[in-house]
Amino acid sequence: MSTPPITLTRHVMSKKSAAIPVGDLALIMERIGFAGKRIARELTVASLGGELGYTGDTNVQGEQVKKLDQWGNQVFLDAFEHGYPVCSLISEEMEQPHHYADNCRDSSYCVLYDPIDGSSNIDTNGSLGTIFAVRKRAAKHGSGIEDLLAPGGQQVVAGYIVYGPSTQLVYTAGAGVDIFTLDRSLGEFLLWKENVRTPPHGSVYAVNQGNAGKWHEGARKFLAHITSRKDKRSSYSLRYCGAFAADFHRLLLEGGIYLYPGEVSEGGKSKGKLRLMYETAPLSMIAEQAGGRGSTGKGRILEVTPSAIHDRLPVYIGSAEEVALAEEFKAEG
């Protein structure tokens with residue numbers, strides 16, 4: 001007889017984490033799973049419903065907003081409107097946090113997310129994702145966010161969803177990384193792989209190589225090294241789709257490195273593009289829980305303290321050996 005499938009909720013309830021009570025974790029993950037199911041369903045018919053293209057607006061990042069970006073953000077707002085114990089939401093698509101005062105108690109949480117990661121791929125049916133993290137709010141936190149401006153090591157949950165040939169949800173609550181696949185016939189995320197480990201060394205790299213001329217010299221030298229093909233071990237193949245979660249997913253399973261170096265300004269300092277609190281910190285927690293690493297090029301991303309909710313920074317993430325090598329090249333000045 002085959003083993004009965006394990007649903008996301010059942011798995012969460014059976015796998016305890018010291019960082020967050022299992023009841024709270026189950027409620028939060030059920031809501032995130034629900035949002036992922038809605039987004040997955042909409043993506044399959046978005047072109048038929050006129051949901052492709054731009055809205056004409058610009059978000060807080062200075063980027064043009066896709067219709068599905070805006071819609072995906074609303075999916076999360078709807079999912080947590082009555083989503084005790086979550087009282088705050090921080091999104092790439094909102095300039096300020098959104099608070100649900102009725103949910104804000106002494107034991108409550110904030111969900112941080114990029115609802116449609118890789119949205120430049122929407123109109124061409126390319127890979128997309130959703131990235132999320134959960135942070136515990138301080139007691140008596142009020143309406144401010146000072147308690148949330150803390151290093152990524154204080155995240156209690158991190159994960160992402162990838163929308164491709166199948167929809168997969170990946171998460172950690174500090175007790176290993178688990179992957180679930182959406183069974184559309186049942187409407188459930190079912191356990192696919194448990195306690196996933198990233199190979200310490202890989203053979204692929206993911207990067208927007210067209211930006212190389214804007215990088216610090218160390219980052220350019222690192223790229224030259226991994227593309228030099230001097231020998232079999234240092235021979236890497238480029239695999240890049242433009243959706244951070246999807247590119248990272250390949251590295252989680254097969255090893256290698258994703259890099260988005262900072263672009264050097266006139267003052268000589270490099271500035272990253274990807275956001276710390278809801279992009280690089282969540283995936284760095286996943287990477288570390290799977291035996292990999294996430295670095296700024298100088299040190300652990302999970303040790304960086306944000307000054308604002310939309311802070312950006314460079315990122316080198318994936319297999320431990322490749323990330324360490326990038327740091328040796330002093331990829332960021």
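1. Arg250 is partly exposed, at a relative accessible area of 35%; buried stands for under 20%, exposed for over 50%, and partly exposed for what lies in between, with a 1.4 Å probe and protein chains only. The residue belongs to helix 5 (residues 244-254). Helices (H or I, at least four residues) and strands (E, at least two) are DSSP runs, numbered from the N terminus.

2. The model is predicted: local features need pLDDT of at least 70 and side-chain atom pairs count only at pLDDT 80 or more, while totals for chains, interfaces and linings use all residues. Residues are numbered from 1 along each chain as its sequence is written, and side-chain values use heavy atoms, with hydrogens and water left out.

3. On the surroundings of Arg250: setting aside neighbours within four places in sequence, Arg250 is in contact with Val204, Arg239 and Gly255, where contact means heavy atoms within 4.5 Å. The C-alpha atoms of Arg250 and Gly318 are 9.5 Å apart, although 68 residues separate the two along the chain.

4. Helix 5 is largely enclosed by the rest of the structure, because 8 of its 11 residues are buried. These are Phe244, Ala245, Ala246, Asp247, Phe248, His249, Leu251 and Leu252. Just after helix 5, Gly255 has a positive phi of about 90°.

5. The structure contains 5 aromatic pairs. Rings of Phe, Tyr and Trp (its six-membered ring) pair if their centres lie within 6.5 Å; planes under 30 degrees apart are stacked, over 60 edge-to-face, and the rest tilted. One of the pairs is Phe76 with Tyr113, stacked at 4.3 Å centre to centre with 10° between the planes. Phe76 sits in helix 3 (residues 67-79) and Tyr113 in strand 5 (residues 109-117), so the pair ties together parts 37 residues apart in sequence. Phe76 is buried, at 0% relative accessibility, and Tyr113 is buried, also at 0%.

6. Another pair is Phe222 with Phe329, edge-to-face at 5.9 Å centre to centre and 65° between the planes. Phe222 is in helix 4 (residues 217-226) and Phe329 in the segment after helix 7 (320-328), so this pair ties together parts 107 residues apart in sequence. Phe222 is buried at 0% relative accessibility, whereas Phe329 is partly exposed at 25% relative accessible area.

7. In helix 7 the buried residues are Glu322, Val323, Leu325, Ala326 and Glu327. They pack against helix 4, strand 13 (257-260), strand 16 (293-295) and strand 17 (315-318). Just after helix 7, Lys330 takes a positive phi of about 50°.

8. For the chain as a whole, there are 7 helices and 17 strands. The C-alpha trace spans about 55 × 55 × 45 Å along its principal axes.

9. Of the 333 residues, 52% are buried. Among contacts between residues at least 6 apart in sequence, 64% join residues at least 24 apart. The chain exposes about 14,400 Å², of which carbon and sulfur atoms supply 49%; accessible areas come from the Shrake-Rupley method with a 1.4 Å probe, and for residues only the protein chains shown count as cover.
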